[in-house]
Amino acid sequence: MTNNDELKKALNILDSELKKKGISRRDALKLAGLGSASFLVGNGTEAEASTVAKASEAKGKIVIVGGGLGGIATAAKLSHDLSNPDITVIEPNPISVSYQPGQTLIGGGIWEKSDIVYNTKDFIPNGVKMIKDKVAEFNPEANQVKTESGQTISYDFLVVATGLVLDYGQIKGLEGVGHSAEANPEVSKKVGKNGVHSIYYADGAVNTWKGMQELISEAKSGKKLKALFTHPNTPIKCGGAPKKIMYLTHARLRDAGARENVDMWFYPNGSTMFGVPEYHEAIKKQFEARNMNWEYRNNLVEIDTDKKIATFEKRWFEKGEWDEDLEDYEMIPMSKKVEREYDFIHVTPPMRAPDAVKNSSLAWQKGSASKGGWVELNKETLQHTRYPNVFGIGDVAGIPMGKTGGSARKQYKVLAANLIAAMENKEMTAKYAGYTVCPLVTDIGKVMLAEFNWTKKPTPSFPLDPTQERYIWWLLKVYLLKPMTVYGMLSGRA
């Protein structure tokens with residue numbers, strides 16, 4: 001199916017859904033305060049790179065490590081903007097890739113696994129060389145990477161777009177469950193059965209929906225049950241996903257008439273529901289209205305999948321002695337292990353950079369970002385702070401926030417423009433402003449479109465209150481975002 005066919009199909013579905021509400025697409029878009037073009041490709045309000053009017057004559061060998069959304073979009077953009085591009089993408093799985101934002105919808109029984117798969121080979125720009133391999137070692141001093149098969153590949157410019165690792169093994173009891181989840185036989189022993197679930201990989205999302213149905217069936221029988229949802233002590237991609245799957249579990253239980261039999265708890269490691277105060281307050285109200293409980297500063301550290309007991313490290317502060325210099329009481333950090341029983345638990349795993357990045361000189365060498373091994377970048381230019389011919393994008397980028405597909409959609413244009421400027425020995429003028437978007441699914445048929453940047457203030461693209469749950473954003477999330485992202489972004493044009 002071509003990009004036009006996919007978009008046409010999505011728009012037909014959108015029209016059908018709007019017809020049920022008695023309104024046209026034109027009226028819906030007018031209500032949202034935007035035209036169809038901006039609705040499909042997003043706004044351009046922040047300081048980002050515009051399309052190059054004339055292709056650059058700059059030359060140099062560009063190697064992109066990673067063939068996901070960020071890597072392929074960057075390759076496509078560079079192919080458009082260079083008159084004689086020399087681009088190589090190294091990706092171990094260049095055939096089929098999952099549209100990861102759809103995994104929440106699979107876990108909630110709205111999509112199927114087949115709905116999130118696309119073939120990377122269909123989007124590789126003409127002239128771009130693909131190497132089916134995995135980078136095992138970075139050597140930026142020599143401008144080389146080494147692959148697992150033993151190839152040494154040189155470059156003039158490098159783009160790191162590897163994604164991240166789902167490090168389930170940091171949780172005692174889930175050792176052996178790692179990034180290559182679908183290929184790891186240990187997964188079926190520990191995640192996806194016996195009440196333990198995770199939407200962070202495709203098969204895990206499929207099993208989450210099965211587990212949710214089992215929970216509903218038991219609850220309908222009259223059993224009193226407990227469902228737990230976790231958020232770890234590391235940066236994660238799609239920071240709203242742990243709450244999204246909780247909202248969808250609530251909705252499915254409610255629609256089945258069994259909600260009152262399930263005690264639902266959200267245990268985030270942090271001290272807020274959301275880093276943006278306005279969204280934090282909105283989510284608290286939504287939780288209260290749905291009788292969904294939460295307790296801050298809890299990090300899942302161990303799980304006994306046989307006994308169905310989850311152990312959390314709970315942290316808090318206690319008042320100590322009076323400090324004469326500060327004229328205040330000393331606050332003493334405290335912690336203890338707390339065991340909690342569950343019938344259903346959604347585990348959001350700790351996340352980190354792949355070993356090849358984490359163990360290289362490309363990673364942050366100090367500060368909190370060094371713990372995860374994230375690539376050390378200037379947060380605005382996306383250029384490495386110590387290696388000027390290296391750039392990074394997406395989940396592996398060591399910048400504040402930004403681990404979403406919406407962020408990568410803004411980043412790749414900035415990266416491509418700045419990489420070309422570096423090739424031409426010109427000043428880098430394109431700036432990434434930290435744009436992040438979280439279409440927070442709050443119910444079947446409702447989404448809160450949380451847009452923000454490094455100011456930690458709402459930055460809505462549309463003249464509507466961004467803290468409100470809306471049907472129009474549900475249509476955007478369920479029907480339009482995938483074709484917009486896959487066919488727009490992977491072509492390097494949206």
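Reply: Helices (H or I, at least four residues) and strands (E, at least two) are DSSP runs, numbered from the N terminus. Bear in mind that this is a predicted model, where local features need pLDDT of at least 70 and side-chain atom pairs count only at pLDDT 80 or more, while totals for chains, interfaces and linings use all residues. Residues are numbered from 1 along each chain as its sequence is written, and side-chain values use heavy atoms, with hydrogens and water left out.

Me: What separates a pocket from a cavity?

Reply: Rolling a probe the size of a water molecule over the atoms shows where empty space is left. On a 1 Å grid over the protein atoms alone, a cavity is a set of points where a 1.4 Å probe fits but cannot get out, while a pocket is an open set with protein on both sides within 12 Å along at least five of seven lines; lining residues have an atom within 4 Å of a point. Points are joined across faces, edges and corners, and a volume is the space filled by probe spheres set on them.

Me: How much space lies in the second largest pocket, and which residues are closest to its centre?

Reply: The second largest pocket holds about 1,200 Å³. It is lined by 41 residues, and His-231, Thr-234, Pro-235, Ile-236 and Met-401 are the closest to its centre.

Me: And how many cavities of 30 Å³ or more are there?

Reply: The search of the whole structure turns up two. The largest has a volume of about 40 Å³, and its lining includes Leu-449, Phe-462 and Trp-473. The second largest cavity has about 30 Å³ of space. His-231 is among the residues lining that second cavity, and β12 (225-231) and β15 (298-304) each give two or more residues to it.

Me: Is Leu-362 buried or exposed?

Reply: Buried means under 20% relative accessible area, exposed over 50%, and partly exposed in between (1.4 Å probe, protein chains only). Leu-362 sits in the loop between α10 (355-358) and α11, and it counts as buried because its relative accessible area is 0%. Leu-362 and Trp-374 are twelve residues apart in sequence, with 8.2 Å between their C-alpha atoms.

Me: What about Tyr-329?

Reply: Tyr-329 lies in strand β17, and its 38% relative accessibility is why it counts as partly exposed.
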